[in-house]
Amino acid sequence: MNLSTIVLPALLAGLAACSGGSSPKGMLQAVRSAFNPPPPPPDTIPEMLDYAPDLKVSVADMAKLPDGVLWQDVQTGDTLGGVAIVGDSVEIGFDGWLPSGAKVDSGFAALRIGTGSILAGIDAALPGMTSGGRRKLVIPPGSAFGAEGTGDIPPNAVMVYDVELRRIIR
């Protein structure tokens with residue numbers, strides 16, 4: 001028995017099930033959509049947005065992390081306190097806005113970098129900061145509040161954060 005005589009029918013059956021048992025054309029469309037998902041809406045791509053002038057966001061001047069978070073040092077801190085790395089415990093202050101300029105988040109937190117105890121976009125941008133340093137972040141929805149949103153934050157919202165690393169606790 002040939003492997004293709006087992007795998008091919010199983011693959012076709014799986015495709016038929018995923019496409020609701022529709023025609024071969026429907027199955028082909030299901031396969032195409034799986035490999036070529038539609039592009040994200042423009043209002044979820046940080047580089048395609050207009051930002052309120054008060055936020056002082058210039059995406060052209062920002063660095064980009066692999067997960068799409070844009071960041072820029074606004075103020076460098078004191079290197080005598082060290083540089084924050086994954087695993088460090090830190091105290092931070094933060095303010096968050098929607099691109100329109102509406103302030104929707106603010107607070108302080110003590111956390112360990114890399115444990116997921118704060119928004120993924122903030123957690124990813126903390127390494128490399130020094131005590132007293134401030135960073136401006138532009139966070140895509142997948143690293144912020146996602147498709148659900150929360151409270152005053154709508155679903156799939158890009159977020160702008162100012163984060164201050166108050167101290168590294170070692």
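Which residues does Ile 169 touch, not counting residues up to four places away in sequence? In this predicted model, the residues touched by Ile 169 under that condition are Ser 89, Val 90 and Glu 91. Ile 169 belongs to strand S8. Its relative accessibility is 34%, so Ile 169 counts as partly exposed, given that buried means under 20% and exposed over 50%. Between Ile 169 and Ala 84 there are 9.4 Å in space, C-alpha to C-alpha, although the two are 85 residues apart in sequence.

Strand S8 is part of an open sheet of six strands with antiparallel pairing, in the order S1-S2-S7-S8-S4-S5. The edges of the sheet are strand S1 (63–64) and strand S5 (103–112), each of which pairs on one side only. Strand S7 (residues 134–139) and strand S8 (residues 159–169) run antiparallel and are joined by six bridges. Within S8, Val 163 is the residue that stands opposite Arg 135.

The largest nonpolar core contains 24 residues. Val 90, Ile 92, Ile 122, Leu 126 and Tyr 161 have the most contacts inside this core. Two or more residues each are given to the core by strand S4 (89–97), helix H3 (120–125), S7 and S8. The most come from S8, which gives five residues. Another core, of eleven residues, lies apart from the largest one and includes Val 57, Met 62, Leu 70 and Val 158.

With neighbours within four places in sequence left aside, the contacts of Tyr 161 include Phe 94, Trp 97, Leu 119, Ile 122, Leu 137, Ile 139 and Phe 145. Asp 95, Asp 105, Arg 135 and Lys 136 are also among the residues in contact with Tyr 161.

Note on methods:
Residues numbered from 1 in each chain as written. Predicted model: local features only at pLDDT ≥ 70, side-chain atom pairs only at ≥ 80, totals over all residues. Heavy atoms only, no water. Pairing = 2+ DSSP bridges. Helix = DSSP H or I, 4+ residues; strand = E, 2+ residues; numbered from the N terminus. Core = buried A, V, L, I, M, F, W, Y, C linked by side-chain atoms within 4.5 Å. Buried < 20%, exposed > 50% of the residue type's maximum accessible area, 1.4 Å probe, protein only. Contact = heavy atoms within 4.5 Å.
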